[in-house]
Amino acid sequence: MNKNYYALIMAGGVGSRFWPVSRTEYPKQFIDFFGVGKTLIQSTYERFLNICPPENIFIVTNELYSDLIKEQLPQLSDNQILAEPLMRNTAPCIVYGSLKIAELNPNATIVVAPSDHTIANLDGFVQSIEQSLDAASKNDCLITLGIKPNRPDTGYGYIQHTDYVLNTDTDLHKVKTFTEKPNLELAKSFLQSGDFLWNAGIFIWSAKTILSAFEKHLPDMYEIFNVGRSELNTENEKTFINNAYLQCTNISIDFGIMEKAENVYVLPSDFGWSDLGTWASIYEMAEKDYVGNAVIPPDQVIMFDSSNCMVNVPKDKLVILQGLHDYIVVENNNMLMICARNEEQRVKEFVAEVKSRFGNKFI
């Protein structure tokens, strides 16, 4: 296993679309959605053990969740947990993690990935990541993984690529455009064109290349963190980072760097990826009965005259449902949400309404 390979796992999101199961104090990356005995972040960590030495895996999260990280991944040292004092999107956490790793190993090549994705084909995933790490270690390039789309999905961003490849040894294509979540007609045209991929939000680069990109495209942010890089991996790190985040703008790595840089390449991939952004994505991944119901846990729910429903309830409650078709039913801590599957985009609106009426008590 290559000792220069590192993983930076991003685990700071709140996951409000999965309310009431996912809440601010216990967001979705710390939940076992499929009843398999592992939470999403535990599964992600174990996935990267196939790629990096365990001491080379770092988790960046909000400081609210540091204790949850230690509870679910007790094998991590304190230095492997990067605690953000504020939510500032993906660019600040990536420059923080990249500088910290570069101070440990200037020759590091890093894969950056979210903590809440699922991968059905582990071998395919490992192959794509290792191919990208090898290319990034030898070339001055920023790599992202693109998932070959099988439907015109409006819930994902898209990456358009050219026919130009990095070299003849790889299938890394030069990126032409990034597009945010499109409408249905545009998504259909993307699928038909054949040169668009879903943006998986997984990035691979050498520490030197990404830090050079920050210096060029986000110079103010780079300087905020670089000025104190000698404080990283020391007892002064927390104090320095708390001050640095107060000065940071809120910006994503996509908008801040990937959409501006000239040396961006995408690897077309297909390894059973899902970003688990909605209950619909949980429904797609979960096992279903003969009438299309996905029930977690299956032995606690009795359904009559119901089909194509997503049901998620606590293990200690018996639930009986009748006459529901194409619904989402979720209960947690005596909070119940029922909505039609085609109205799921309104969950965020429900959460906002609950917050406006009751504050953060139920969020």
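**Reading enclosed space and a buried serine**

Tutor: In this predicted model, α1 and β4 (109-114) each supply at least two residues of the lining of the largest cavity.

Student: Which residues line the largest cavity, and how do they divide by class?

Tutor: Its lining consists of T44, R47, F48, A113, P114, H117, I119, F125 and I202. They divide into 6 nonpolar, 2 polar and 1 charged. The largest share, 3 residues, comes from α1.

Student: What does the second largest pocket look like in terms of volume and lining?

Tutor: About 1000 Å³ of space lies in the second largest pocket. Of its 36 lining residues, D32, F33, F34, G35 and V36 are the closest to its centre. Two or more lining residues come from each of α1 (40-48), β5 (118-119), β12 (294-296) and β16 (327-332). The most, 4 residues, come from α1. By class, the lining has 18 nonpolar, 9 polar and 9 charged residues.

Student: Is S306 buried or exposed?

Tutor: Residues under 20% relative accessible area are classed as buried. S306 therefore counts as buried, at 8% relative accessibility. S306 is found in the loop between β13 (301-304) and β14 (310-312).

Student: What surrounds S306?

Tutor: Leaving aside neighbours within four places in sequence, S306 is in contact with V291, N293, L321, Q322, G323, L324 and H325.

Note on methods
Residues numbered from 1 in each chain as written. Predicted model: local features only at pLDDT ≥ 70, side-chain atom pairs only at ≥ 80, totals over all residues. Heavy atoms only, no water. Buried < 20%, exposed > 50% of the residue type's maximum accessible area, 1.4 Å probe, protein only. Contact = heavy atoms within 4.5 Å. 1 Å grid on protein atoms, 1.4 Å probe; cavity = no way out; pocket = protein on both sides within 12 Å on 5 of 7 lines; lining within 4 Å. Points joined across faces, edges and corners; volume = space filled by probe spheres on them. Nonpolar A, V, L, I, M, F, W, Y, C, P; charged D, E, K, R; others polar.
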